[in-house]
Amino acid sequence: MNKFIIKQFNLKMIKALSLLFLFFTSCIAPKVNVLPPTFSTIYKNSNGRSEKSGYLHVTNNEEYIKLIESLKIDESEFNKLVTVNFKENDIIILYQGQKNTGGYSIDVASIHWEKDILFIKKNESFPEAGKPVTMALTNPYCITIIPKAKNIIIEE
């Protein structure tokens with residue numbers, strides 16, 4: 001009789017441990033694959049009319065249309081620029097500032113989130129030493145679609 005009680009006890013323990021195992025494994029949150037945020041530079045030009053380097057964060061269509069009109073972008077380019085979904089995206093315009101020659105450009109290199117801040121790393125290009133360049137004042141800029149963000153920090 002003693003072996004029978006031990007066997008019954010072991011069966012109950014196995015069932016209890018199985019239930020505990022199921023309970024604890026079902027409570028573990030599934031791993032969520034977080035995709036890196038995406039961005040898309042949709043326009044670059046060397047005549048942005050901004051003498052100082054910096055950026056402009058555009059969050060709505062009305063402000064964006066006014067900006068595009070002020071930049072005097074060619075009509076053929078204008079149509080592809082106006083299709084931005086401002087429910088999910090914003091626009092960031094990076095200005096490189098006034099330069100004495102051609103050969104300069106600016107673009108978004110990468111973006112990443114830290115808490116509720118979107119960090120945007122910019123990439124600036126400069127003319128190669130000794131290479132011929134256009135002798136004209138330029139103001140390079142780029143227009144990039146980014147995810148909706150309330151807080152932005154531009155990194156070098």
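Buried, as used here, means under 20% relative accessible area, exposed means over 50%, and partly exposed falls in between (1.4 Å probe, protein chains only). The model is a predicted one, so local features need pLDDT of at least 70 and side-chain atom pairs count only at pLDDT 80 or more, while totals for chains, interfaces and linings use all residues. Residues are numbered from 1 along each chain as its sequence is written, and side-chain values use heavy atoms, with hydrogens and water left out.

To start with the overall layout, the protein chain holds three helices and seven strands. These elements are DSSP runs numbered from the N terminus (helices: H or I, at least four residues; strands: E, at least two). Read from the N terminus on, their order is α-β-β-α-α-β-β-β-β-β. Of the chain's 156 residues, 29% count as buried. Contact here means heavy atoms within 4.5 Å. Among contacts in the protein chain with a separation of 6 or more, 77% come from residues 24 or more positions apart.

Next come the sheets, where two strands pair if DSSP finds at least two bridges between them. Four strands make up an open sheet with the order 1-6-3-2 and antiparallel pairing. Strand 1 and strand 2 are its edge strands, each pairing on one side only. On average, neighbouring strands in this sheet are turned by 20° against each other, direction ignored. Such angles are taken between axes, which are lines fitted to C-alpha atoms (for helices over the stretch in contact), and run from 0 to 180 degrees between N-to-C directions. Five bridges hold strand 2 and strand 3 in their antiparallel pairing, and Leu-56 has Ile-93 of strand 3 as its bridge partner.

There is also an open sheet of three strands, ordered 4-5-7, and its pairing is mixed. Strand 4 (105–114) and strand 7 (151–155) sit at the edges with a single partner strand each, so one side of each has no neighbour in the sheet. From one strand to the next, the twist averages 25°. Strand 5 (residues 117–125) and strand 7 run parallel and are joined by five bridges, with Leu-118 opposite Ile-152 in strand 7.

Helix 2 lies across strand 1, strand 2, strand 3 and strand 6, and runs at about 135° to strand 2. Its Tyr-64, Leu-67 and Ile-68 are buried. Seen down the helix axis, the buried residues of helix 2 fall within an arc of 95°, so they line one face of the helix; the arc is that of the directions from the helix axis to the C-beta atoms. As a rule, an α-helix has 3.6 residues a turn, so residues three or four places apart point the same way. Glu-62 and Lys-66, on the other side of helix 2, are exposed. The cover over the buried residues of helix 2 includes strand 1, strand 2 (54–58), helix 3, strand 3 and strand 6. At the N-terminal end, Asn-60 caps helix 2, with a side-chain oxygen 3.3 Å from the backbone nitrogen of Glu-62.

The largest has 17 residues, and Tyr-64, Ile-73, Ile-91, Ile-93, Tyr-141 and Ile-143 have the most contacts inside it. Strand 1 (40–45), helix 2 (61–70), strand 3 and strand 6 (141–147) each contribute at least two residues to this core. A second, separate core has 11 residues, including Ile-106, Leu-118, Cys-142 and Ile-152. Neighbours within four places in sequence aside, the contacts of Ile-143 include Ile-42, Tyr-64, Ile-73 and Ile-91.

Val-82 sits between helix 3 (75–81) and strand 3 (89–95) and is partly exposed, at 25% relative accessibility. Residues up to four places away in sequence aside, Val-82 touches Asn-61, Tyr-64, Ile-65 and Ile-68. Thr-138, in the loop between strand 5 and strand 6, is buried, with a relative accessible area of 9%. The Thr-138 side chain reaches the backbone oxygen of Thr-101 at 2.9 Å.

Note on methods: Core = buried A, V, L, I, M, F, W, Y, C linked by side-chain atoms within 4.5 Å. Polar contact = N/O pair within 3.5 Å; in protein donor to acceptor, adjacent residues only side chain to side chain.
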